[in-house]
Amino acid sequence: MSEAIGTEDRGLAADGTILREGATARVPAEFAPVVEAARARIAGSYGPGRLHSAYLYGSIPRGTAIPGVSDLDLLVAVLDGPTDADRAAAEEISTALDSAFPVIDGVGLLLHPVRTLMSELERDDAGFFIACLCTPLLGEDLAAHLPRYRPTSLLARETNGDLALALPRWRARAAGATTDEARRTLSRGVARRLVRSAFTLVMPRWGGWTSDLHRSADLFARYYPDHPERAAQVRAAAAIARTPSADPAVLAMLVEELTPWLAAEYTAVHGTKAPRPEE
């Protein structure tokens, strides 16, 4: 049960650490069959020689998923690699689940080796993601070997302090997005990232955690009252994350207006995320 501070639930335990936000018991009944199918397919595709553990994350384990709108988000931790065969299996799983279950709108499957997820470099990024945002589905839960996390500036920096690096990629993808489907897909992904970054920008001041995008936007607006235009853009991004837009002007607002400002403000407030080795 979450600990409320005052009258506002901040997603914290009594000791001030961030609670794990999802659970298999919270999966809506409509999504239970696809979750079980994912469990079976992952176990069958990887097996004990490759698989360490698998997790759900996102709206389905939080219990807020909408049938036909929400996607299925999965993370698979492999013992080493990942190999080309591991990646091919992930693609096959994603395609099969998306085709078989209209209750979901797409599948996202992250594939990482255990050594990366548990490394010191990833302690306050991938480690936090596993410990607080992922729900165990298969195997040994890596969260048992990770610390309890607090809503600090370090956590903000390491989770979203690389927004400036995403900007050139988004600009290139926006330039190449010539179809409505491509623009909707990009607008959804960019909007999600921007709202989450806007929230973690103010997270240490608020002193809590939420993955609710509309609440995140409202919290950003609370702590940036002198920037009503940016607050309106972040709120618009929260809506776009749920109902993506094919309008080029909407995509331009996200990529060319909100992203540069938010990236610069983030760096000024929290600094830059520790560099990662090039793949």
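**Strand β4**

I looked up which way the side chains of β4 point: Leu72, Leu74, Val76 and Val78 go one way, Asp73, Leu75 and Ala77 go the other way, and all are buried. Buried means under 20% relative accessible area, exposed means over 50%, and partly exposed is in between, with a 1.4 Å probe and protein chains only. The model is predicted, and I kept to its limits: local features need pLDDT of at least 70, side-chain atom pairs count only at pLDDT 80 or more, and totals for chains, interfaces and linings use all residues. Residues are numbered from 1 along each chain as its sequence is written, and side-chain values use heavy atoms, with hydrogens and water left out.

Strand β4 covers residues 72–78, and seven of its seven residues are buried, so the rest of the structure largely encloses it.

**The sheet around β4**

Where does β4 stand in the sheet? I found an open sheet of four strands in the order β5-β4-β3-β6, with mixed pairing. Two strands pair if DSSP finds at least two bridges between them. β5 and β6 (134–139) are at the edges with a single partner strand each, so one side of each has no neighbour in the sheet. On average, neighbouring strands of this sheet are turned by 25° against each other, direction ignored.

I then went through the pairs.

- β3 (residues 51–57) and β4 run antiparallel and are joined by six bridges; tyrosine 57 has aspartate 73 in β4 as its bridge partner.
- β4 and β5 (residues 107–113) run parallel, with seven bridges; leucine 75 stands opposite leucine 110 in β5.
- β3 and β6 pair in the antiparallel sense over five bridges; serine 53 has glycine 139 in β6 as its bridge partner.

**Helices on the sheet**

I noted that β4, helix α3 (residues 84–100) and β5 form a right-handed β-α-β unit. Right-handed here means that, with the strands pointing away from the viewer, the path from the first strand over the helix to the second runs clockwise. Helix α3 lies across β4 and β5 and runs at about 160° to β5. Such angles run from 0 to 180 degrees between N-to-C directions, and the axes are lines fitted to C-alpha atoms, for helices over the stretch in contact. Helix α5 (residues 126–133) also packs on the sheet; α5 touches β3, β4, β5 and β6, and its direction makes about 85° with that of β6. Contact means heavy atoms within 4.5 Å.

I checked the peptide bond between glycine 81 and proline 82 and found it cis, with omega about 5°. Most peptide bonds are trans. Proline 82 is in the loop between β4 and α3.

Is arginine 50 buried or exposed? Arginine 50 is buried, with a relative accessible area of 18%. I placed arginine 50 in the loop between α1 (32–46) and β3. Not counting residues up to four places away in sequence, arginine 50 touches Ala77, Val78, Leu79, Asp80, Gly81, Pro82, Thr83 and Asp86.

**Nonpolar cores**

I looked up the largest nonpolar core and found 60 residues; Phe128, Ile130, Trp170, Leu194, Phe220 and Leu254 have the most contacts inside it. Such a core is a set of buried Ala, Val, Leu, Ile, Met, Phe, Trp, Tyr and Cys residues joined through side-chain atoms within 4.5 Å. Helix α8 (residues 180–206) gives the most to this core, with eleven residues. A second, separate core has 27 residues, including Val35, Ala90, Ile93 and Leu138.

In helix α6 (residues 153–160), I listed Leu155, Ala156, Glu158, Thr159 and Asn160 as buried. The buried residues of α6 pack against α5, α7 (163–176), α8 and α11 (248–270).

**Cysteines**

How many disulfides does the structure hold? I found zero disulfides, a disulfide being a pair of cysteine sulfur atoms within 2.5 Å. For cysteine 132, the nearest cysteine sulfur is that of cysteine 134, 9.7 Å away, which is too far for a bond. I noted that cysteine 132 is buried, with a relative accessible area of 3%, and that cysteine 134 is buried at 0%.

Definitions and conventions: Helices (H or I, at least four residues) and strands (E, at least two) are DSSP runs, numbered from the N terminus.
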